[in-house]
Amino acid sequence: MDINYEPLFIIFIIAWLVPLLLSWLEVSKIPAVVVKIVLGVVIGPYVLDLMDETPYMDFLAQTGFLILIFLAGLEIDVNKIISSFPRKFRMFDMVSNTLIVAIIIYFCSLILSLPVAWLINQFIEVDIVFYSLILPTVALSITVPILKSDGELTRRFGQILLMEGAIATVMSIILISIYSGVLKNGFEVELLLFSVIFFVFIVTYILGKKLVKVRVFQKLLYKLEHAASQIRVRGAVVLLLLFVIVAHLIDTEYVMGAFFAGTLLSMFVSKERSALLFKLDGMSYGFFIPIFFIMVGVNLDLSALSNFQESIPLILSLIVSFFFIQIIPSLVMTRIFGLKKAIAGGVLNTARMGLTIATAQIGLSLGVITTADNAGIVAASIIVSLISPLIYQFFRSEKEEHHGIYILGGSRASLYLAERLNMHDSSCITYLQNQEILPEFDQKGIRHESVVKLDNDFLSTLYFRPTDLVIVLSESRILNLNLTRYIKNELNHNKIITRKQSAAHDLIDPQGELKIVDHDEVLASHIEGMVTRPNSVGTLQESFGMYRVEEIQITKKDIHRKLVKEVAFPPSGSLVIQRRKDEIFIPHGDTHLLIGDVITVIGNTSALADFRRTLEG
């Protein structure tokens, strides 16, 4: 069999050159994904016609799409989402939970799509139900690489957008499958077959939990992970193919199976330390995924735009609708990330491509839309997929005056605290009115802002999100008291830390989040260390900025019952002490790590960050 490798060569010339040129030209606001799709159109049959009919390229592109969705599912941190559910459902707790916010955004989009489709129908005759289902779809194939390249995918903002896109993808497939099934055959039991994939997910999870506890299996995985067999990579591929085959057997979209497979694997993999993720990224983004994006451009049927003029009113209506039903629900994130970033998230989720175009093809085959409608949907999807990432980068690049921690007061204590928080990469700003200490803040490069008067009028100009921490730490006892009282009583913000000497009885709330620091107790504790451990305390003070000691409680389920030697701890740090209930001992290679253990570690800033990611859930 004679296989023509020229198309693959052309595609990888593009895949290789695009990131090089974008980086060289310092073009950051144009996502590489969009450039690849456009260049795919250029080399496709409607422009340069450099691509021959090659079925194997379509196979590789489809495989790349499934792997992309698989990796998207793998980015979902199910354990963190479950553990983050608040015990008491308060409003700001609900809007801080990744899954709840994602669900709210999707269902608000779905609800909004119905009146929007009805409004479109008043001017252009459309199938209201079908358009209500097609409007909330999200292009994970575009949003995931952009979030990944921006470093947002593992942060809360990226997790919310990823989860919302995943919910939109799965729900759109389910709802459209049901709607098309009803139009074809009416209500039948076969419509519920897609629930089989949920059953397979649960069964596979239960079997996987039992299998990973088998000692022999653990040893084999550890032994063969880096060998030529690459056993974990092969296992991940097996899992992906299992769910894709299940999706095929129940006659639903393969993307649904790929996403469930990735989500399932994410429940067994430690994202920060697993070498499996690096290998999967290398295999996927290095080979399969670039083929998919370029082939999206190659396979775009531009002949569908032959009736373009007839479709212009529908195209404009769809573009406005896409932005409207995504941006409005995304404003729920304003309380967490601020207005501009919330709008940026809604704009990015406006991107439409594969699923929307595929859904349009389903509508065309069912007879609920015309060829002109199909051309309008394709054109609108292409346009928003090109412009939404650019608008997202614009909003995202705007610097917002929002920080996770606010320090009020220009005391020397606030200087030392800001310096330490800086080393933890915390988003922190200090507001101070003491001009004498300003040069030290400038010298150390600590983010700060000088104010004429630190009082209630100034506080009223700030916006504290419910999740923000406010630390009141000026040198004046009366000022600390007044600021704390105003923040708690007038601004209704309770996440505060202040000195004990500045706290009045009306501020003490055992059920609240206001924390009191006893200055005398902290001072006595430090002097105790100087007396009983003079060498260690002196060494840590001298090496501040290089090595520090922290206590970290193990909460990550992935390392429960593992041996110390089985966990990839950072080489630039060390485990010092392990405390388990009333027992204290020094950990070694054969020591088991259990959830609830408190580990004292020492290391530099990056090492301590690695320790926290490894041990904390």
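Surface patches are defined here as groups of residues with over 30% relative accessible area and no salt bridge, in which like charges are joined within 9 Å and nonpolar side chains (Val, Leu, Ile, Met, Phe, Trp, Tyr) within 5 Å. A salt bridge denotes a side-chain nitrogen of Lys or Arg within 4 Å of a carboxyl oxygen of Asp or Glu. The structure is a predicted model, in which local features need pLDDT of at least 70 and side-chain atom pairs count only at pLDDT 80 or more, while totals for chains, interfaces and linings use all residues. Residues are numbered from 1 along each chain as its sequence is written, and side-chain values use heavy atoms, with hydrogens and water left out.

Under these criteria, Phe9, Ile13, Trp16, Leu17, Leu20, Leu21, Trp24 and Leu25 make a nonpolar surface patch of about 900 Å². Leu20, one of these residues, belongs to helix α1, which covers residues 6-24. Helices (H or I, at least four residues) and strands (E, at least two) are DSSP runs numbered from the N terminus. Leu20 is partly exposed because its relative accessibility is 44%, where buried means under 20% relative accessible area, exposed over 50%, and partly exposed in between (1.4 Å probe, protein chains only).

For the protein as a whole, the secondary structure comprises 26 helices and 12 strands. Buried residues account for 48% of the 617 residues. The accessible surface comes to about 31000 Å², and 62% of this area belongs to carbon and sulfur atoms. With contact taken as heavy atoms within 4.5 Å, 73% of the contacts between residues at least 6 apart in sequence join residues at least 24 apart.

Aromatic pairs were identified between rings of Phe, Tyr and Trp (its six-membered ring) whose centres lie within 6.5 Å; planes under 30 degrees apart count as stacked, over 60 as edge-to-face and the rest as tilted. The whole structure contains 14 such pairs. Among them, Phe12 and Phe287 are stacked, at 5.3 Å centre to centre and with 20° between the planes. Because Phe12 lies in helix α1 and Phe287 in helix α14 (residues 275-299), this pair ties together parts that are 275 residues apart in sequence. Phe12 is partly exposed at 22% relative accessibility, and Phe287 is likewise partly exposed at 29%. An edge-to-face pair is formed by Phe198 and Phe260, with 5.0 Å centre to centre and 85° between the planes. Phe198 is located in helix α10 (residues 196-211) and Phe260 in helix α13 (residues 254-266), so parts 62 residues apart in sequence are tied together. Phe198 is partly exposed at 34% relative accessibility, whereas Phe260 is buried at 11%. Ring pairs also link Phe12, Phe287 and Phe288 into a cluster.

A charge is taken to sit over a ring if NZ of Lys or CZ of Arg is within 6 Å of the ring centre and within 35 degrees of the ring normal. The charged end of Lys341 sits over the ring of Phe157, 4.8 Å from its centre.

Most residues other than glycine have a negative phi. Asp49 has a positive phi, near 55°, and is placed in the loop between α2 (32-43) and α3 (55-74). Its relative accessible area of 46% makes Asp49 partly exposed. Arg561, also not a glycine, has a positive phi of about 75°. Arg561 is found in the loop between β7 (548-553) and β8 (562-563), and counts as exposed at 58% relative accessibility.

Technical notes
Areas by Shrake-Rupley, 256 points an atom, 1.4 Å probe, with all protein chains shown as cover.
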